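Please look over the sequence and the model shown here before reading on.

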Amino acid sequence: MQYINIGYGNIVASNRILSIITPTAAPIKRMVQEAKGKGILIDATTGRKTRAVIVMDTGHLVLSAIQPETIVGRLKGNKEIKEEE
């Protein structure tokens, strides 16, 4: 199983990620509020501003304080390492 650093020492399983989206749109903000109410929201921002919402295949939403582009770059980096092995 491959893991990806989503910022400030927080790690998620990269093969469980469905999408990485920005939290600025109103529908995404509603999704986050609904997930919070259902208890399936994981806040990995460590008190910083939310810059990415990661949707997991378990239905959980993970909030991250780093940009979606950075997370995608890290995912690509992991895949390149995996292919070389």
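## Basis of the model

This is a predicted model, in which local features need pLDDT of at least 70 and side-chain atom pairs count only at pLDDT 80 or more, while totals for chains, interfaces and linings use all residues. Residues are numbered from 1 along each chain as its sequence is written, and side-chain values use heavy atoms, with hydrogens and water left out.

## Helix 1

Helices (H or I, at least four residues) and strands (E, at least two) are DSSP runs, numbered from the N terminus. Helix 1 covers residues 26-38, 13 residues in total, and reaches 18 Å from its first C-alpha to its last, close to the 18 Å expected. The expected span is 1.5 Å times one less than the number of residues.

Ile 28, Val 32 and Ala 35 of helix 1 are buried (under 20% relative accessible area; exposed is over 50%, partly exposed in between, with a 1.4 Å probe and protein chains only). Seen down the axis of helix 1, the buried residues fall within an arc of 65°, so they line one face of the helix. The arc is taken from the directions from the helix axis to the C-beta atoms. The face turned away from this buried side carries the exposed residues Arg 30, Gln 33, Gly 37 and Lys 38. Just after helix 1, Gly 39 takes a positive phi of about 80°.

## Two loop residues

Ser 14 lies in the loop between strand 2 (10-13) and strand 3. Ser 14 counts as buried because its relative accessibility is 16%.

Gly 47 is found in the loop between strand 4 and strand 5. Gly 47 counts as exposed, at 76% relative accessibility.
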